[in-house]
Amino acid sequence: MISLADTVGVASAEQVRALVSPVLDKYGYLDIGVHLHSRPQDAAEKVVAAYDAGCRRFDSVIGGLGGCPFAQDALVGNIPTETVIEALKQRGAELPPLRSLDTLSRASAEISARYTASHAAD
């Protein structure tokens, strides 16, 4: 299993597509996915770019919790699972039946609030 990663969130959607497509063409017999970080407004576009390039495995995090300390941009973080699901649905991707993420989203928001509050005092 290999994840093509942009953990600092600097790749454009076109760069994602330009990398994923040839890697899948050459190594499609492997389990290739993406692990992308992004600013919120660019996340869905990056997911769609990877999907259109043939990617079918996406790393994501409920609520986008977490990030990368090297990103040098406070708005760059893990792409939320909710964003991945919505982008793939809008693209017409066939998804397995999914349960509501509401409970997990609330838990993620609570964890994020605690973490942010505990570091605000530092």
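**Exercise 1. In which helix do R17 and E14 both lie, and how many residues apart are they?**

The model is predicted: local features require pLDDT of at least 70, side-chain atom pairs count only at pLDDT 80 or more, and totals for chains, interfaces and linings use all residues. Residues are numbered from 1 along each chain as its sequence is written, and side-chain values use heavy atoms, with hydrogens and water left out.

*Step 1.* Helices (H or I, at least four residues) and strands (E, at least two) are DSSP runs, numbered from the N terminus. R17 and E14 both lie in helix α1, three residues apart, about one turn of the helix.

*Step 2.* An α-helix has 3.6 residues a turn, so residues three or four places apart point the same way.

*Step 3.* A salt bridge requires a side-chain nitrogen of Lys or Arg within 4 Å of a carboxyl oxygen of Asp or Glu. R17 and E14 form one, with their closest N and O atoms 2.7 Å apart.

*Step 4.* Buried means under 20% relative accessible area, exposed over 50%, and partly exposed in between (1.4 Å probe, protein chains only). R17 is partly exposed at 29%, and E14 is partly exposed at 47%.

**Exercise 2. Describe the salt bridge between D6 and K46, and state whether each partner is buried or exposed.**

*Step 1.* The side chains of D6 and K46 meet at 3.9 Å, N to O. This pair links distant parts of the chain, with D6 in strand β1 (residues 2-6) and K46 in helix α2, 40 residues apart.

*Step 2.* D6 is buried because its relative accessible area is 9%. K46 is likewise buried, at 3%.

**Exercise 3. Which residues are joined with R57 into one salt-bridge network?**

*Step 1.* D59 forms a salt bridge with R57, the closest N and O atoms being 3.3 Å apart. Salt bridges that share partners join D31, R57 and D59 into one network.

*Step 2.* D59 is partly exposed at 27% relative accessibility, whereas R57 counts as buried at 16%.

*Step 3.* The count of salt bridges in the model comes to five.

**Exercise 4. Identify the residues of the largest nonpolar core that touch the most other members, and the element that gives the most to this core.**

*Step 1.* A nonpolar core is a set of buried Ala, Val, Leu, Ile, Met, Phe, Trp, Tyr and Cys residues joined through side-chain atoms within 4.5 Å. The largest core has 24 residues, of which V20, V34 and F58 touch the most other members.

*Step 2.* At least two residues each come from α1 (13-27), β2 (32-38), α2 (40-52) and α3 (81-90). The greatest contribution is that of α2, with six residues.

*Step 3.* Contact means heavy atoms within 4.5 Å. The buried residues of α2 are A43, K46, V47, V48, A49, A50 and Y51, and they pack against β1, α1, β2, β3 and α3.

*Step 4.* Leaving aside residues up to four places away in sequence, V34 touches L4, V20, A50, C55, R57, F58 and D59.

**Exercise 5. Locate Y29 and Q72, and classify each as buried or exposed.**

*Step 1.* Y29 is placed in the loop between α1 and β2. Y29 is exposed because its relative accessibility is 66%.

*Step 2.* Q72 occupies the loop between β3 (58-59) and β4 (77-78). Q72 is exposed, at 79%.

*Step 3.* Q72 and V10 are 62 residues apart in sequence and 10 Å apart in space, C-alpha to C-alpha.
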